[in-house]
Each structure stands twice: as C-alpha cells, then as structure tokens.
Amino acid sequence: MNPLITTSLRKTYQDAQIAATSNEPVLILGETGVGKEVLARYIHSQSRRCNQSFLPLNCSALPPHLIESELFGYTQGAFTGASHDKKGILEQAEHGTVLLDEIGDMPLDVQAKVLRVIETGEMWPVGSTAYRRIDVRFIAATNADVKHLIEQRQFRRDLYYRLNIFLYQIPPLRHQPEEIPQLADAIFNGEVTLSTPVLELFFCYSWPGNIRELKNVLIYARSRATGREILLEHLPAELVQTCKHPAVLQGQSLKQKLECFEAVVLRHTLRRYPDPGDAAKSIGMELRTLYRRIKKFGIVAHPRQSSGL
Ligand SMILES: Nc1ncnc2c1ncn2[C@@H]1O[C@H](COP(=O)(O)OP(=O)(O)OP(=O)(O)O)[C@@H](O)[C@H]1O
Ligand SMILES: [Mg+2]
C-alpha cells in the first residue's frame with residue numbers, strides 16, 4: 001500500500017528514507033490505527049532489503065509462552081509436541097525485515113534475547129545448543145506508553161535505548177483534524193467531496209481509531225452516497241450521534257458553528273495542557289479571555305477524557 005503522506009507525516013516519511021538506508025533498529029510509537037505498520041512497510045520497501053521478506057510478529061496476538069518459539073524457532077524435542085525442527089520468523093525473514101508489533105507485550109526474557117540478536121546477530125532456537133547467525137533488520141512498534149512500562153519494569157530500558165536509534169512518534173488524527181480533507185482526497189483520488197456539516201463533524205470527533213477509522217467511515221459513506229458529495233446521512237448513525245449539538249451541525253448560523261468549534265478546540269487544548277496558562281499560550285489567547293470563554297461554554301476540565309464533542 002502506498003502511504004498517504006499528509007503535511008504532519010511529511011517529516012517522518014522524509015526521515016524514514018534515511019532510516020531505510022541503515023540497518024539500525026527503528027521504534028514506531030503511536031495510537032492504534034495511526035499507520036505504524038504502514039510506516040514500517042514503507043521503510044522496508046525503501047531499503048536494500050525490499051526484495052526479501054517483511055514479516056510481522058504481533059506480540060499481543062500470541063500467548064506469551066509462544067512468542068519465543070515463533071520468533072526463534074525450535075528444535076525437535078525442545079518441548080512436548082515439537083516433533084520436528086521449525087524455523088522461527090527471524091530465520092524465515094533472513095536478509096529481510098521483521099516487525100516486532102506491540103513489543104510492549106513481549107515478555108521480559110524474550111526482550112533480553114531480542115536485544116542479544118540486535119547486538120550480536122546471534123540467536124538460539126528453543127532447545128538448540130548452538131547459536132545461528134542471522135541478518136535481519138528490526139522494526140518495533142507499539143501503542144503502549146513505553147516509558148511507563150519501563151518505570152513499571154515491564155520493558156527493558158537497555159532494549160528501549162537500543163531500539164530508539166530511529167524513533168518515530170506518529171500523532172493521533174485528532175491533533176490535526178485540518179488534514180482530514182487532504183486524507184479524503186488522497187483516499188478517493190479527489191473523486192469525493194465532504195459536505196460542510198460532515199467536515200464540521202469530522203473536525204470535532206476524536207477519532208480513537210485514527211486513519212484506520214477515518215478510512216472505514218469514508219468507504220462506508222461512499223458506498224451509500226449517490227453523487228460525489230458525502231452528506232451527514234451517508235455516515236454511520238453512531239458517528240453522527242456523537243455530536244452533542246446536532247441543531248448547530250444541521251443549522252446555518254456561522255456564529256453558532258464557530259462558537260461550537262471554539263468550545264471543541266478549548267476542550268481539546270485543556271486536555272492537552274491542563275494548566276490554563278499553558279493552554280492559553282498554546283492557542284495564542286489571553287488568559288483572561290480563556291477563563292471568560294471557559295465560563296461561557298461551561299467547560300469542565302477532564303484532562304484524561306478523550307471523547308470528541
Ligand atoms: N499513512 C497512511 N496511508 C495510508 N493508509 C493508512 C495510513 N495510516 C493508516 N492507514 C490505514 O489505516 C490502517 C491501519 O494502519 P496500521 O495497521 O499501519 O496502523 P497501526 O498504527 O499499526 O495500528 P494498530 O496499533 O492497531 O496495529 C491501514 O490498513 C491503512 O488502511
Ligand atoms: Mg499495527
């Protein structure tokens with residue numbers, strides 16, 4: 001898949017081309033659906049390994065005790081049921097790239113073994129008495145807060161430092177809703193337009209599933225639209241119902257719409273900067289004005305809340 005490279009992703013993708021010329025590990029952080037795997041595949045596709053395998057291992061999809069044998073393989077008799085030697089993902093991906101997806105869920109002992117492979121290129125299949133040399137490029141990704149996991153001793157600090165030679169933090173979609181029209185254009189080659197109420201709704205919604213969710217919503221809507229324009233009625237009902245001010249959304253008053261949008265921006269900003277002084281500064285508003293607007297809109301600060309409107 002060709003990645004959609006919006007303005008906020010441009011720098012990441014430019015730097016990723018440098019990462020692609022290197023063999024050093026890459027760590028990609030970001031919420032679900034922001035495009036961590038899309039970026040990992042792009043780096044592989046731009047690297048000299050592009051004609052070799054790109055193999056993902058999803059650590060959250062496997063029981064912890066199976067992660068080691070999936071990754072490193074095993075020898076016959078290594079455990080009950082190991083009736084023959086089996087190559088792990090690392091050997092299957094020889095000369096290619098391995099994506100350690102959801103690495104935050106990798107058990108600590110396997111993390112130590114991965115660190116060893118990165119540092120020495122040597123690995124032991126489960127049950128083997130001899131090491132094997134392998135040549136793979138590692139890309140790790142997670143939507144977990146790795147620094148928090150390190151504090152909780154659930155993630156090895158040494159592995160974190162070794163992985164973050166190239167570190168990419170992909171921002172959530174709600175941090176740059178102004179890019180939604182650009183994404184919609186790219187997804188449908190400019191063949192659809194979003195009506196103003198749809199844009200308003202999209203700007204205010206928090207998009208917990210990020211670009212994945214946006215793409216799915218747009219595909220759903222397009223299949224229901226009769227012309228080029230996507231209208232509110234083409235969207236999934238539960239998305240439209242997240243709007244707390246449907247009358248404003250359907251209405252014509254620009255003043256009401258702007259105030260509604262302002263309230264959304266202020267709520268988002270206060271969640272990001274719980275200190276009103278920092279919040280005011282970040283949006284270029286006087287503190288006095290911010291307090292007045294907070295009062296007008298009845299905004300209550302909920303720093304960790306993530307709902308949209
Ligand atoms: N930059 C992008 N260009 C094109 N499609 C994208 C992009 N980012 C995300 N997507 C779409 O969103 C879907 C999810 O992307 P991806 O699997 O890379 O997300 P992720 O960050 O790995 O999510 P998760 O944490 O849930 O695994 C992709 O299949 C693709 O359809
Ligand atoms: Mg992923």
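Predicted model: local features only at pLDDT ≥ 70, side-chain atom pairs only at ≥ 80, totals over all residues.
Local features need pLDDT of at least 70, side-chain atom pairs count only at pLDDT 80 or more, and totals for chains, interfaces and linings use all residues. Residues are numbered from 1 along each chain as its sequence is written, chains are lettered from A and ligands numbered from 1 in the order in which they are written, and side-chain values use heavy atoms, with hydrogens and water left out.

**Domains.** The protein chain is assigned domain 1 (7-171), domain 2 (177-243) and domain 3 (244-309). Such bounds come from an automatic or database domain assignment. The C-alpha centres of domain 2 and domain 3 are 22 Å apart. Their contact (heavy atoms within 4.5 Å) takes 10 residues from domain 2 and 14 residues from domain 3.

**The sheet.** Helices (H or I, at least four residues) and strands (E, at least two) are DSSP runs, numbered from the N terminus. Five strands form an open sheet, ordered β2-β5-β8-β1-β9, with parallel pairing. Pairing requires at least two DSSP bridges between two strands. The edge strands, β2 (54-58) and β9 (166-169), each pair on one side only. On average, neighbouring strands are turned by 15° against each other, direction ignored. Strand β1 (residues 26-29) pairs with β9 in the parallel sense over four bridges. Leu27 has Leu167 in β9 as its bridge partner. Helix α1 (residues 7-20) packs on this sheet and touches β1, β8 (137-142) and β9. The direction of α1 makes about 155° with that of β9.

**Helix packing.** Axes are lines fitted to C-alpha atoms, for helices over the stretch in contact, and angles run from 0 to 180 degrees between N-to-C directions.

| Helix pair | Axes come within | Crossing angle |
|---|---|---|
| α9 (residues 196-204) and α13 (residues 254-272) | 10 Å | roughly 20° |
| α13 and α15 (residues 287-297) | 11 Å | roughly 115° |

The angle makes α9 roughly parallel to α13 (under 35 degrees). α13 and α15 are roughly perpendicular to each other (65 to 115 degrees). α9 passes α13 in a left-handed crossing, meaning that the near helix is turned anticlockwise from the far one by less than a right angle. The crossing of α13 and α15 is also left-handed.

In α9, Glu200, Phe203 and Cys204 meet Lys257, Phe261, Val264 and His268 of α13. These residues divide into four nonpolar, one polar and two charged. Nonpolar covers Ala, Val, Leu, Ile, Met, Phe, Trp, Tyr, Cys and Pro; charged covers Asp, Glu, Lys and Arg; the others, Gly among them, are polar.

Technical notes: Parallel < 35°, antiparallel > 145°, perpendicular 65-115°, else oblique.
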